8 protein chains.
Amino acid sequence: MHQHDHARLERIGMPEAVLCGTKTVDQVRAIAVELASSSNGPRLLTRLGDEQLDALPQAVLDRLDDDRTSLTAFLDGTLPERSGTVAVVAAGTSDASVATEAARTLRFSGVHCELIVDVGVAGLWRLEARLDEIRSADIVIAVAGMDAALVSVLGGLVAAPVVAVPTSVGYGVAAGGTAALHSALASCAQGVTVVNIDNGFGAACAAVRMLSLVGGGR
Amino acid sequence: MHQHDHARLERIGMPEAVLCGTKTVDQVRAIAVELASSSNGPRLLTRLGDEQLDALPQAVLDRLDDDRTSLTAFLDGTLPERSGTVAVVAAGTSDASVATEAARTLRFSGVHCELIVDVGVAGLWRLEARLDEIRSADIVIAVAGMDAALVSVLGGLVAAPVVAVPTSVGYGVAAGGTAALHSALASCAQGVTVVNIDNGFGAACAAVRMLSLVGGGR
Amino acid sequence: MHQHDHARLERIGMPEAVLCGTKTVDQVRAIAVELASSSNGPRLLTRLGDEQLDALPQAVLDRLDDDRTSLTAFLDGTLPERSGTVAVVAAGTSDASVATEAARTLRFSGVHCELIVDVGVAGLWRLEARLDEIRSADIVIAVAGMDAALVSVLGGLVAAPVVAVPTSVGYGVAAGGTAALHSALASCAQGVTVVNIDNGFGAACAAVRMLSLVGGGR
Amino acid sequence: MHQHDHARLERIGMPEAVLCGTKTVDQVRAIAVELASSSNGPRLLTRLGDEQLDALPQAVLDRLDDDRTSLTAFLDGTLPERSGTVAVVAAGTSDASVATEAARTLRFSGVHCELIVDVGVAGLWRLEARLDEIRSADIVIAVAGMDAALVSVLGGLVAAPVVAVPTSVGYGVAAGGTAALHSALASCAQGVTVVNIDNGFGAACAAVRMLSLVGGGR
Amino acid sequence: MHQHDHARLERIGMPEAVLCGTKTVDQVRAIAVELASSSNGPRLLTRLGDEQLDALPQAVLDRLDDDRTSLTAFLDGTLPERSGTVAVVAAGTSDASVATEAARTLRFSGVHCELIVDVGVAGLWRLEARLDEIRSADIVIAVAGMDAALVSVLGGLVAAPVVAVPTSVGYGVAAGGTAALHSALASCAQGVTVVNIDNGFGAACAAVRMLSLVGGGR
Amino acid sequence: MHQHDHARLERIGMPEAVLCGTKTVDQVRAIAVELASSSNGPRLLTRLGDEQLDALPQAVLDRLDDDRTSLTAFLDGTLPERSGTVAVVAAGTSDASVATEAARTLRFSGVHCELIVDVGVAGLWRLEARLDEIRSADIVIAVAGMDAALVSVLGGLVAAPVVAVPTSVGYGVAAGGTAALHSALASCAQGVTVVNIDNGFGAACAAVRMLSLVGGGR
Amino acid sequence: MHQHDHARLERIGMPEAVLCGTKTVDQVRAIAVELASSSNGPRLLTRLGDEQLDALPQAVLDRLDDDRTSLTAFLDGTLPERSGTVAVVAAGTSDASVATEAARTLRFSGVHCELIVDVGVAGLWRLEARLDEIRSADIVIAVAGMDAALVSVLGGLVAAPVVAVPTSVGYGVAAGGTAALHSALASCAQGVTVVNIDNGFGAACAAVRMLSLVGGGR
Amino acid sequence: MHQHDHARLERIGMPEAVLCGTKTVDQVRAIAVELASSSNGPRLLTRLGDEQLDALPQAVLDRLDDDRTSLTAFLDGTLPERSGTVAVVAAGTSDASVATEAARTLRFSGVHCELIVDVGVAGLWRLEARLDEIRSADIVIAVAGMDAALVSVLGGLVAAPVVAVPTSVGYGVAAGGTAALHSALASCAQGVTVVNIDNGFGAACAAVRMLSLVGGGR
C-alpha cells in the first residue's frame, strides 16, 4: 500500500507529486484513487502515460486537468498564486515536452511563467530578440539538449538564477542527454545550477524554492 | 594576452573570477599583475596552487587575502555586503576544502554564511542537532561525496533552495565524484539543484544569484 | 539439453533457481517440463514473463504458485521453514516488483519476512515510524533506486546485516540503476553489502546464507 | 572542527572508524589527537599513509598498533572478542593489502579470522587444497581483482555468507577494479554480496554485522 | 550495389559471410539474390532475422540450410571438411544461440565440433564431468555471459587455444555483455583470447584460422 | 628501428610529424638524429617534453626552432608558404597551449594564421568584438574546453569551415575533455567538424588539407 | 510556435534544415506547413520517419522530393549548383542510409557527389580499385561503422579534406557507434576531421563550407 | 606466503609467470628468492620495474636475463625450442615496449619470432613492403594503439591466426587504450582475436597454445 507523504507541503512548501513514469498502470490507478478519496488539496501527476491515463476511473478523470504535451495532470486544481515570475526558455521545438513539464509544474504551484521556444544559439539573433523578456523574469529555466550551449550563453547574459534542464533529445553522442548534462555542469557561466536530464518538474520545484526568497527570506 | 570580462559585474552581479587550477604559473602571475594594475575593484582567485601563489610578486601578495584550505585569495578586499544568509553544510571532514571554497566565495561576495561540517547521514542525530540552525538560512549549500545521501535528506527537511556540490572524495566507484554527482541529480527530494563536482565556487555564485531575489525580485 | 545442478541444495543450502528472463519461451518450457518430471523437490522460477508462463503445459501450471508482481513462481511448493526474520524495506512504490521478488524468494526458502514500502528519505518521518519494526528483524534488505539514499540512512540506524538492492527505476542519470548501485557501494554507512541491480532474488539468497548463522554457526 | 559519531558503537555495534586516505595530514593529526584525548575506547584508523603516520605526536604513536601492509592502526587496543570465525580468501599476492585491511578490521573488532592467499582459479587445485579450511569458517570474504572469478567459484562451493571485495589490481580493462566489481555483482553463484572496490574494511564490518546473528538473532 | 569480396576465400581461407543483422530486409534480399546468381560456392548468412528470411525468394530458399536457434543459413551447402576438432563450451542455456552460431559456422567451414552446454562454474562438478571430452578437442571456444568465470576456469584447465565469446545475456551490470567481456579480457588464465560480445561467428573463424596450423604450418 | 614515411609529403601534402609525447626519451633522440641525418626537408616535432628536448644532441638543437608553450619544434625550418589564412580562436587562457600547437603547425606548414584568445561565450561581447577579424579568415579553428559553447556560437556566426578542438582543460565532468568533445560533436551549428581532444596539430593539418581547395580544387 | 532561422542562408551559406527525428508527428507537420506557406526557397528535412511523412498534408507532399533510404526530403527543390565535387565513400552496405543522407544533403546544396559503397578494408583491393575515382574529388566523406578502419586508410591515401562519419552499425562494443567514433578521432592519418555518429547531414554541410574555398577564399 | 602454481607447465604447457607490476618491491623480491631456491626450471618475470629489479639479491640477478625495453626477465634461461614462427607486427615506435614483451615471452617459450615495427596504415606502403615476411609466419601478433586500424588491414591480408594487442598509447579518446581495444574487437576482418590492452605477454601465450597444433593436434 502506498504511504503518501502528506506533510510535505508544510515541510518544504510543495506537496509530494506522483511520478507515474516508473509505475505500472495498476499502481498509478491505485494511488490516484487513494489521493482522490483523501481530499488533501491539489495534487500533481507527472509522466502520466496515455495507457495510465486511460485506466483512471471516470470519477478521477472528472477532477483532472490533463495536458498531453507535458504528460502532466492536476488533480483538484492548483495551489494558490505566489509572487514572482519564471521564464522557461527552450532551445528547440524538440525540447517542448520538457519545457512544458516545467511550465505546467509552475502553473500548478501558483507561479506565473513565460514559455519561450526556439532560441538555440545557432541563430543567436533569436535569443537576442527575446532577451528583454527573459531578463524581466525573476528566475530563468533553460531547457536544452545536444550541446546545451544555450545554458552558457544565457548564464552570461542574465543576472537572475538560471536552472538548466538538459534534455535527452539528440542522437549519437547526444543520445540520452549526457552530453547536454555535462555541458551544463561544465558551463563557463558562473552560478548556473542543473537538474537531472529531462527533469522539467525538478527545475520548476527549484524555482518554487527560490521564489520563497522574494519579499524577504526568513 | 588575457582579455578580462570587466563588464561582468554589471551584467550578472558578480565579477569574473580567475580559475587558476587550469593555468600555468606564468599565466596566473601575468593575469594577477594585470588585474592588480587595472584597479577594477575586488577580485577572486580560486584553486590557487602553492606554486602559483609563491610566484606572485610581493606587490600583489600585499594586497591578497589568501586561504590555504580553500585555495582561494581575495585581491583588494571583498564586495559590499548583501542581504541574506547561506548555510554551507558538509558531510565530512574530507569535504572541508570544497565547503570552504563555497564559504570564502560567499564572503568575497558580501554574503554572510555559516559553515557546518561532519553531519553525514550515517549518524543522523548529528544533522538533526543542527537542523534549526540550517533552517534559519535563506539558502542551503550541501557539500557531499561518496553516496551524497546528505543531499536528499536535507532536501526533504528544508524548504529553502538547496544547491548540492558533489565532491570527488572517495575511492572505488566513488573516485572522481561521479557517484556523488549522479546521486545528487537523481535525488528523491524535489527541487534540489546541482553544480559540477568540487565546484564550491559555482554553488556560492548560484546563491548570490538567488539572493538578488530577497526583498523583491525585478 | 539443460543440465540442472541438482546437488546445489546440499552444497550451498539452496536449490538452483531458473532465471527465465534471459531464456526463450521454448527453453523455459523445456526446463520446466524437465524439472516437473524429475521430482526433486520445490523449485523457484524468477523473471517468468507472461508469454513464458502462458506457454507452460497445464500439468506444470497445476503445480505452480505464481505471482505476477514479482514474476516469480514456485513449482511444487516451498522449502521447509527456517529460523530468523528478514525485513524487506523499499523506498517507493516503483520498487515494489523488485522488493516482492526478494520477499517471494524468502518465502520460497522458508524464511519469514516483512515487506515495508514507501519509506524513502525525502519524507524521513515515514522511515522513522517503521524503525522499531525494521530493527526487530534479523536481516534488512534495502531496495531503492534513484539516489538510493535509503541504504545509507538505514545502514546508520540498524545494527543488523543490511543488503542493498539498487533498482533500475528512474530516468536520466538514474536510468538503468547505475547511480543507485554506485550510491549503495559508496555508502557512508559501514558494513552495508550490495547485490546486482534489480536482483531481489540474490539479496534473498544472501539472507538465507546469513540465516544459517542463527543459533550458532559451524 | 571534527564532530565524531561517538554513539555509533551502541547503535550499530561498531565505532566510527577514521578513513584517513581522503584527509589531509593536518586533518588526520587533529582527529587523532582529539580521539586520543576523549578516551572513548578503542578506535580504528584506515588508509593511514606514511606521511600521515609520521605527523602524529609521539603520545598518540605510543598508543597505536600500526600495520604498514594494510595501512591500518588501532588506537588503544581492540574491541572485546566475539563468537564466530571469518576466512579472508585472496586470489593473489597483489590483493594482500586489501585482504589484510579486512583481516585487521576483524581483529580490531574482536573476531577471529584466517587469511588464505594465492588461491586464484587459474590453478584450481590451490583452492581445492584449502577448501575444508574455508568451509569451516562462519563467513567467507573473497578478495579478488582482474576477472574476480574466485568469487563465483567460491560462491558455488560454500554455503556460508560470501562477501566479495573486488580489488583495483590490474591493467587495461582491469585497471581501477570495475571489471572485478562487475564480475562479482554479476556472479552466477547465488547470494554473493559485494562491497566497494578495495573496501576490505567494509567487508569486515559486514561480517561483524552478520556475526551478531550467531547464537540466535534478536 | 553490393560489391562482394569474392577473393576472400583464396586470401584468408574463408569466404566473406553476410552479416544480415545490420541490414534492411531489402538489402539482404538483394545480396542473397546476387550471391545465388553468381555461383561462387557455399556462402554463410548470419543473424538472418525471421522477417529477412521470409522475404527471400523461393528459389533462394530452396538452396538454403537454415537454423532458427543460431539465425544462420548456408547457401549451397558447406565448405569441404578440414582436419581438427573444436569444443564449443557454453556456461548456460541462455548462451545457446551464440554457441550455436559458433557451431554452425564451424560446420559450414567443414570443421567437426562438439557443443557442450550448462557447465557454468556455480556447479563446478558439471564442468569437471565433461573435462576429458573438452580436453580431447584441438581448440576450445568458451561462451559465457554474466561474470564469464567459465573462461578463466577453462583457461586454467586446458592447454589448447581457448577463444572466449562473452555474451550479452544478463541484467544490471551484466546487461549488454561488457562485464563478461572485461572479465574475459582480464582473465587470470594466460593465453586466452577474446572476440566481440555475442560474436560466435568470429570465434569460429578464429578457430578455422588456427586449424590451418594442424599438420604443419607454412 | 624507426621506419619513417618519407613519401607522405607527396602523397597527402604534409610530411609525417613526430608525436613525441608517447615515446621514450631514447626513442625521440634516435628518431631526431635519424631525421637530421637524412636531409629530407623540414620536419615537425609535437609534444616534445622538456626532458626529451634536453636529451637531444647539440647538432640537432642547433637546427631546431623550439616553442615551450606549444611543445613543438621545427627541424630545418618550415614548408613553403601557401595561400589562405586561418583564425585560431580559443575560449580561454587555459586553452593557450593547444591553440598554440595549432598555430605553430600552421606556421610550419607555411600558412598564415591569427591567434585570438579569451573570447569565451560567458562574455559574449568579447567574441563579437573580434567577429570581423574572425570572419576574414578562410578557415576557423575553435579551441575550447569545459562546455565548448564557443564552438556552437562560432559555427552559427561564420560561413567558413569550422574545425573544433575540444581541450582537456577543466575538472569534474569536464576533466579529460570528453564533455567538450561531446558538446562539439553534438553542436547545434551545422557543418562543424571535430578532431581529437587537445589535438591542435590535427586541426591545423585539416586546415592544410582544406586550403588545397583555395584557388580551385582538382 | 516554431521560430525558424530564416537568415541562416545568408549568414552561413546554408538554410536551417529540419531534423524531424527528435520531433513528434504533430510538430513536424506544423513546421512543414509553416515552411510551405512562407515561400523562403528550398528546404531540407532529415530523418523524416514514415509516420511523419504520412501525416503531411497533400499540398506539402506535392512539393516534396522524398527518399526513403536516407529519410530525407527536399521541399521546393534544391539550392543552385556550386563548384566542386565530393566523394562519399562507405565501408559497407549497412552504412548506406547514412551515406545517402550525406549524398542527398549535397545534392540539395547544389553539389555534385559520387557515392562509393562496399570498400571496407577487410578486402583492401576493393578500395584500391576505386582510388583514382576517389582522388579526383575535392573532398572525401568517409562513412564507416565497427572499427572505422576505412577512415585511417583513406586519410593516408588522399590529400583532400577527409570528413569521417562514424555509424552506429554493429553490435557488442560497436553498438551505438562509439567504437567507430573513437577510432576516427584517434585516426593515425593526420588532418582527418569527424562529425557526430550517423550525421551524414553534418558531414555534407562541412563539405559545403569547405567548397566555399574553391576558386579562392575571402 | 606466495603459493606458486608449479604444476601449470604440465597442465597447460606454460609455467606460471610473475606479473611484477601489481606487486610491491618486497613481494617481488620474496617471490623471486623463493623461485630461485626451488629450482623448478626457467621462469618469466613481466613488468619488472627498475626499483623492483634493483632490490633483487645479487644471487638472483646473476641468474637473470633482463631486458629494460620490455621490462621482462628470464630466471634460469628459457624453455626448449618449439616448432613454428610468429610475426610480431607493431604499428609504431610507441608500441615497441608492448611488442617486445610479446617477442621476449615467445623467446622465453622457445618460439622463433620476427619483430616488425613502424608499419602503421597511414603509410600503407610500409606494411605492403613487409607483407611476404609477415605471411611466412605461422601466427601474427598485431600490436597497435590509437585507431588500431593495422589489426583490420592485417586480418584481411593474411590467412594465419591474428592476435591483436591494443596498446594504451595515445591521448584524448585514445588514452588508456579503450579506443584501440574496441576497434580491434569490432574489426571487420573475420576471425581476429584480441587480448587485454598492453598484454603482449598474453598474446604470446596465446600463440604458444596455438603452436601446439603444429604437426597435428591431439
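Tutor: Chain A has 10 helices and nine strands, where helices (H or I, at least four residues) and strands (E, at least two) are DSSP runs, numbered from the N terminus. This is a predicted model, in which local features need pLDDT of at least 70 and side-chain atom pairs count only at pLDDT 80 or more, while totals for chains, interfaces and linings use all residues. Residues are numbered from 1 along each chain as its sequence is written, chains are lettered from A and ligands numbered from 1 in the order in which they are written, and side-chain values use heavy atoms, with hydrogens and water left out.

Student: Why is chain A called as compact as a globular protein of its length?

Tutor: The globule rule is 2.2 Å times the number of residues to the power 0.38, and the radius of gyration is taken over C-alpha atoms. For 218 residues the rule gives 17 Å, and chain A has 18 Å, which is close, so the description holds.

Student: What makes a residue of chain A count as buried, and how many do?

Tutor: Buried means under 20% relative accessible area, exposed over 50%, and partly exposed in between (1.4 Å probe, protein chains only). By that cut-off, 68% of the 218 residues of chain A are buried.

Student: How do you know that chains A and F meet through the same surface?

Tutor: Of the interface residues of chain A, 100% are also interface residues in chain F, so the surface is the same. For chains B and A the figure is also 100%, so these copies too meet through the same surface.

Student: What makes you say that chain A and chain E are not in contact?

Tutor: Contact means heavy atoms within 4.5 Å. No contact joins chain A and chain E, and their closest C-alpha atoms lie 17 Å apart. Chain B and chain G do not touch either, with their nearest C-alpha atoms 21 Å apart.
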